Amino acid sequence: MKVLHHPKRRERAAKLFDERYDSRQGRKIVDSLASGLNTTRKELVQRVDQDVVVSFGMDSMSIPLSTDGNEDRAKAEIEIWQVAEAVLHAESCGYLDDQEWGCLWLGELRLGRNIQNDSVRKRLAAYRAGNSDDRRRRLLQSLGKVYPNTSRCPLVLFQLMPLAVQIVVSIAFDQTDDADSKRKRQAFWLPGIMDCQACHGDVLDNGEKCDVCGNPVWNYRWLMSSD
Ligand SMILES: [Zn+2]
């Protein structure tokens, strides 16, 4: 497979979507998905990497240096998990009709040619095979290999993350009621998220972020408020 740079990947994904669903929404959906999933991935890396160190004031000697290699590994793992989580949600809500097609389509958009890589496909299959608890455990375990301090992150972060990805997908497909119901689920796990004076816990557009609480991936001040 030819290596496609990101804009090309988006173009191709939009075209594939429009062809399959006889739609003209491909570009809008793909851009929104890409933007939302960039935010959730970036913020999650930040929470398991630098934020955990800052929040717990740990001895920096016990912390692996955050090398580019580490960050790349963590990003790739998060992407694989996001693809599984996003496609399962899209299929269960009826936004996509075929999980297999969806995984290749979104996998190619998010991981480029790496989606053809055996190890990536196996990891994606493993995420898809489990239930939501299995997926969460697997993600925690994989991130823990790159960032050992992942285990010190408030567990609620990993309750909120799958829902954050599901919200990104619902927003991209313009299904705000589905997104709102997932936000209510997040508020069940962390009621404090509705108290932010800046965003009031509202569902934001994909790519947006609340500077006060971190919505859609809450910062440690908020994550710790349930403890
Ligand atoms: Zn906020």
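Guide: What follows takes the labels one by one, for a model that is predicted.

Visitor: What makes the site of the zinc ion tetrahedral?
Guide: Four donors count as tetrahedral if all angles lie between 85 and 135 degrees. The angles among the 4 donor atoms here are 100 to 114°, so the site meets that criterion.

Visitor: Which atoms coordinate the zinc ion?
Guide: They are the SG atoms of Cys-196, Cys-199, Cys-210 and Cys-213, at 2.3 Å. Along the chain the donors follow the spacing C-x2-C-x10-C-x2-C.

Visitor: Why is the pair Cys-199 and Cys-210 said to tie parts together?
Guide: Both lie in the loop between helix H8 (176-189) and helix H9 (220-223), so the pair links parts that are 11 residues apart in sequence. Cys-199 and Cys-210 are both buried.

Visitor: What else is found in the loop between H8 and H9?
Guide: His-200 lies there, and its phi is positive, about 55°, although it is not a glycine. Most residues other than glycine have a negative phi, and most peptide bonds are trans. Pro-216 is also found in the loop between H8 and H9. A cis peptide bond joins Asn-215 and Pro-216, with omega about 20°.

Visitor: Why is His-200 called partly exposed?
Guide: Buried means under 20% relative accessible area and exposed means over 50%. His-200 has 42%, which lies in between, so it is partly exposed.

Visitor: What puts the buried residues of H8 on the same side?
Guide: The buried residues are Ala-179, Arg-183, Gln-186 and Ala-187. They cover an arc of only 100° around the axis, so they lie on the same side of H8. The face turned away from that buried side carries the exposed residues Asp-177, Lys-184 and Phe-188. Helix H7 (156-172) is included in what covers the buried residues of H8.

Visitor: How many residues does H1 have, and what span is expected?
Guide: H1 has 16 residues and reaches 22 Å from its first C-alpha to its last, close to the 22 Å expected at 1.5 Å a residue. Arg-9, Ala-13, Ala-14 and Phe-17 are buried in H1. Their arc around the axis is only 130°, which puts them on the same side of H1. On the other side, Pro-7, Lys-15 and Glu-19 are exposed. The cover over the buried residues of H1 includes H2 and H4.

Visitor: What follows H1, and why is Asp-22 called exposed?
Guide: H1 is followed by Asp-22, whose phi is positive, near 45°. Asp-22 lies in the loop between H1 and H2. Its relative accessible area is 73%, and exposed means over 50%, so the label applies.

Visitor: Why does Glu-77 count as buried?
Guide: The limit for buried is under 20%, and Glu-77 has 8% relative accessibility, so it counts as buried. Glu-77 is found in helix H3. Leaving aside neighbours within four places in sequence, Glu-77 is in contact with Arg-123, Tyr-127, Leu-139 and Ser-142.

Visitor: How many residues make up the largest nonpolar core, and which have the most contacts inside it?
Guide: That core has 60 residues, and those with the most contacts inside it are Leu-33, Leu-44, Trp-105, Leu-106, Phe-158 and Phe-173. The helices that each supply at least two residues of this core include H1, H2, H3 and H4. In soluble globular proteins, nonpolar side chains tend to be buried together.

Visitor: Which residues does Phe-173 touch?
Guide: Not counting residues up to four places away in sequence, Phe-173 touches Phe-17, Ile-29, Leu-33, Tyr-95 and Leu-96.

Key: Residues are numbered from 1 along each chain as its sequence is written. This is a predicted model: local features need pLDDT of at least 70, side-chain atom pairs count only at pLDDT 80 or more; totals for chains, interfaces and linings use all residues. Side-chain values use heavy atoms; hydrogens and water are left out. Donors are N, O and S atoms within 2.8 Å of the metal (3.2 Å for Na, K and Ca); water is not among the atoms, so sites may look incomplete. Four donors count as tetrahedral if all angles lie between 85 and 135 degrees; four count as square planar and six as octahedral if opposite donors are over 155 degrees apart and all others between 65 and 115; anything else is irregular. Helices (H or I, at least four residues) and strands (E, at least two) are DSSP runs, numbered from the N terminus. Buried means under 20% relative accessible area, exposed over 50%, partly exposed in between (1.4 Å probe, protein chains only). The arc is that of the directions from the helix axis to the C-beta atoms. Contact means heavy atoms within 4.5 Å. A nonpolar core is a set of buried Ala, Val, Leu, Ile, Met, Phe, Trp, Tyr and Cys residues joined through side-chain atoms within 4.5 Å. The expected span of a helix is 1.5 Å times one less than its number of residues.
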